[in-house]
Amino acid sequence: MKSNQTAASSSAKFKRVGVVGGGQLASMMGDAARALGIELVVQTPHATDPAVSVAAGVVLAAVDDVLATAQLAAGCDVITFENEFVDLDGLRPLEQQGVLFQPSLSSLSPLLDKYVQRCYLQGLGLPTPRFWEWDGSADLPPELFKAVAIDFPAISVSDSVQMEGDSDAGSIDFPFVVKVRRHGYDGQGTFIVNDRGSLESIRAKLQGQSLLVEEFVPFDRELAVIAARSANGEIAIYPIVETQQQNQVCHLVIAPADISLDVKTEACAIARTLLNSLQAVGVFGIELFLTADNKLLVNEIAPRTHNSGHFTIDACETSQFEQHLRAVCQLPLGNSALKCAGAVMVNLLGYESAQSDYLAKRKQLAQISGAFVHWYGKKESRPGRKLGHVTVVLDADKVAQGRSSAEDLAQTVESIWYAT
């Protein structure tokens, strides 16, 4: 921690932060909270959840339990969120009674439903894939693709904003993408529809759910922007990264992304437009598609710290977790620049159903030059579950070797992790 940052911690307006959610994202706030002189209290359903061990207090309850959040708020100065599985309608009376949520509920309101989020982005003039709403109970007739009007009380320029979904139903074709509108993450609730048979199978599985249908984007690369905004409008943007997915779950992050200055400038402009429109406070993750002709499309917004920002713990002057606490506690934002030439982050995903801490493998991973191993302390492994991550910091020579060098490093990590 730099001396100016340590000094700033003494002026923190809020000293006790409630976190709705107790997974690894809340857990990784622990070191930053201690350095800033801040106590974390978490609301989480299980005493074995990762953040419990770093918290000054715990409310054991589901994250959408409003009464539990009221209990959490009674002992905290400000409440923030680790995930999006919250009951906004239930929380609004607490906000009206004076509970401070950061980000505010009005900032979260247009983001938690994926279809509503797309309408919001379209209303801001930000580029997205074409999209439609679908109730999943019928075929895809043109009458389902109609313009909608949504009221967003978060928008101060008018009482309501007219936002239209794409009404050109005849232009969608296989393949396309279907997503559940709420509670999908790490590829859960996202389906690529390749033909009529897969459509029927997916429709049977999701019947009755509210869904988002979007065009399939044959992107060249996926990018992500981690950006923070403070209550006074200060914005800090981290180096833009490339993300690579396996089975729709992030497995590799390369920082910084090898992209043109024009693309960097546009990505930063998207982040600023979004955060300022929302009057956001805290760290947000913005996932982007980069097409072969260097055009950006916004894929999804996460109103919280994000997997694509884990590299910041070891590779940046201020981690995304410290930055989030700085924003919600009304401290000046920290320096978001890299303190090394670059970094590679690889997720350690479960590949079996087991109870193991995989200590021997973690020791092997720690022997990789420049590696930092982060273990989330989860008691059970199951296929696809995020158990930890490894960040490898890079020197200038490694970065100059480009993407292939980063991918080779990822293969080295994965050869150790997945070895039987």
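Two strands pair if DSSP finds at least two bridges between them, and that was my rule for today's browsing. Strands (E, at least two residues) and helices (H or I, at least four) are DSSP runs, numbered from the N terminus.

**Before starting.** I noted that this is a predicted model, where local features need pLDDT of at least 70 and side-chain atom pairs count only at pLDDT 80 or more, while totals for chains, interfaces and linings use all residues. Residues are numbered from 1 along each chain as its sequence is written, and side-chain values use heavy atoms, with hydrogens and water left out.

**Entry 1: strand β10.** I looked up the partners of β10. Strand β5 (residues 131-134) pairs with β10 in the antiparallel sense over 4 bridges, and I found F131 opposite E214. Strand β8 (residues 176-180) is also antiparallel to β10, over 5 bridges; there V180 has L211 as its bridge partner. I then checked burial (under 20% relative accessible area is buried, over 50% exposed, partly exposed in between; 1.4 Å probe, protein chains only). In β10 (residues 211-215), 4 of the 5 residues are buried, so the strand is largely enclosed by the rest of the structure.

**Entry 2: a lysine in β8.** Is K179 buried or exposed? I found K179, which lies in strand β8, to be buried, at 4% relative accessibility. Its side chain makes a polar contact of 2.8 Å with that of E300. For such a contact I need N or O atoms within 3.5 Å; within protein, one must be able to donate a hydrogen and the other to accept it, and residues adjacent in sequence count only if both atoms are side-chain atoms. Leaving out residues up to four places away in sequence, I also listed what K179 touches (heavy atoms within 4.5 Å). Among them are L211, L212 and E214.

**Entry 3: aromatic pairs.** Rings of Phe, Tyr and Trp (its six-membered ring) pair if their centres lie within 6.5 Å; planes under 30 degrees apart are stacked, over 60 edge-to-face, the rest tilted. I counted 9 aromatic pairs by this rule. Y115 and F131 form an edge-to-face pair, 5.8 Å centre to centre with 70° between the planes. The pair links Y115 in helix α7 (residues 114-123) to F131 in strand β5, 16 residues apart. Both Y115 and F131 are buried.

The ring centres of Y351 and Y418 are 5.6 Å apart and the planes at 65°, so I logged this pair as edge-to-face. Y351 is partly exposed at 28%, and Y418 is partly exposed at 31%. Y351, Y358, W375, W417 and Y418 form one aromatic cluster.
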